Amino acid sequence: MEYFIQQLLNGLTLGSIYGLVAIGYTMVYGIIGMINFAHGDIFMLGGFAALIVFLVLTSMFAGLPVAVLLIIMLVVAMLMTSLWNWAIERVAYRPLRGSFRLAPLITAIGMSIVLSNFIQVTQGPRNKPIRPLVTTVYNISGVSISLKQIIIVIITTVLLVAFWYIVNRTALGRAQRATEQDRKMAALLGINVDRTISITFVMGAALAAVAGTMFLMYYGVVSFTDGFAPGVKAFTAAVLGGIGSLPGAVLGGLLIGVIESLWSAYFTIAYKDVATFALLAFVLIFKPTGILGRPEVEKV
């Protein structure tokens, strides 16, 4: 039983990281109906930004407290990825907004390849490790719970509540929901649609940066290839939970993380991705909109 609970906690931690990235997918899709396949590489970029900050600060200030170090890593990573995603939206996506639907999708895949190769060239192809930032571990009835696991789950919960409040209770959220329903009508009512979409991309990038920093803190290593697999898993989480639903994105991420962890613990690890996508197919057969998704109603 202790082993099962241990793996469940590990899955919830991994799922929390997936959930943060999935929120970015679901926000962009909810606003402009586009899957930003470069979002996984923004997550990877956030991890590298946090790594660079870590290396610079530890070389200049050897005795810097871990809490201060983590906060600075998070802030700088969020700023860097937000700037990148804002530039990507302005340069690669906005000019194609009125084009046929496949054009932005192809561009998104192209931007993903560009970002991945950019990091490979500038930072090298090898894994980049760091020393453990948080090493405290609590042992409760035979189950080990590390402080970094607690930090990741708390940060995910706080950010989910904060972004849910922004989307549902603020003027920015009303502008985002209006843009989602009808961009032309929103513009006629005085909403700056371009600015709203840009802010949505910035918000998604900030969440991806937090996830990238948490990934670096949890595993202690980052690579230029880390954008693809977690990005696909996070996109799967967004679809599983219900694309367009913030709680659904986190729920999907938690489910995928738990399934991966439990499958790796009790079955052949090589088939953990098969189990994940089999669950997605099973859910979509009976609920095509995802677990918490709502069907779109078109008025004619």
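Predicted model: local features only at pLDDT ≥ 70, side-chain atom pairs only at ≥ 80, totals over all residues.
**Exercise 1. Placing Ser261**

Work out which helix holds Ser261, and whether Ser261 is buried or exposed.

*Solution.* Start with the position: Ser261 belongs to helix H10, which covers residues 246-266. Next, take the relative accessible area, which is 9% for Ser261. Buried means under 20%, so Ser261 is buried. Finally, look at the neighbours: leaving aside residues up to four places away in sequence, Ser261 touches Gln7, Asn10 and Gly11.

**Exercise 2. How H3 and H8 cross**

Describe how helix H3 and helix H8 cross, and say what kinds of residues make up their contact.

*Solution.* Two packed helices are described by the angle between their axes and the distance between the axes. For H3 (residues 66-93) and H8 (residues 193-219), the axes come within 7 Å and cross at roughly 140°. Angles over 145 degrees would count as roughly antiparallel, so H3 and H8 are oblique to each other. The crossing of H3 with H8 is right-handed. Residues on the H3 side include Leu70, Met73 and Trp86, and those on the H8 side include Phe201, Ala205 and Met217. By class, this contact of H3 with H8 has 17 nonpolar, five polar and two charged residues.

**Exercise 3. How H10 and H11 cross**

Now do the analysis for H10 and helix H11.

*Solution.* The axes of H10 and H11 (residues 272-286) come within 9 Å, crossing at roughly 140°. H10 and H11 are therefore oblique to each other, and their crossing is right-handed. In the contact, Ile256, Ile259, Glu260, Trp263 and Ser264 of H10 meet Lys272, Asp273, Ala275, Thr276 and Leu279 of H11. These residues divide into five nonpolar, two polar and three charged.

**Exercise 4. Reading aromatic pairs**

*Solution.* A pair of aromatic rings is described by the distance of the centres and the angle of the planes. The count for the model comes to 10 aromatic pairs. Tyr218 is buried at 15% relative accessible area, while Tyr219 is partly exposed at 40%. Trp263 is partly exposed at 28%, and Phe267 is exposed at 51%.

Key:
Residues numbered from 1 in each chain as written. Heavy atoms only, no water. Helix = DSSP H or I, 4+ residues; strand = E, 2+ residues; numbered from the N terminus. Buried < 20%, exposed > 50% of the residue type's maximum accessible area, 1.4 Å probe, protein only. Contact = heavy atoms within 4.5 Å. Axes fitted to C-alpha atoms, helices over the stretch in contact; angles between N-to-C directions. Parallel < 35°, antiparallel > 145°, perpendicular 65-115°, else oblique. Left-handed = near helix turned anticlockwise from the far one by under 90°. Nonpolar A, V, L, I, M, F, W, Y, C, P; charged D, E, K, R; others polar. Phe/Tyr/Trp six-rings, centres within 6.5 Å; stacked < 30°, edge-to-face > 60°.
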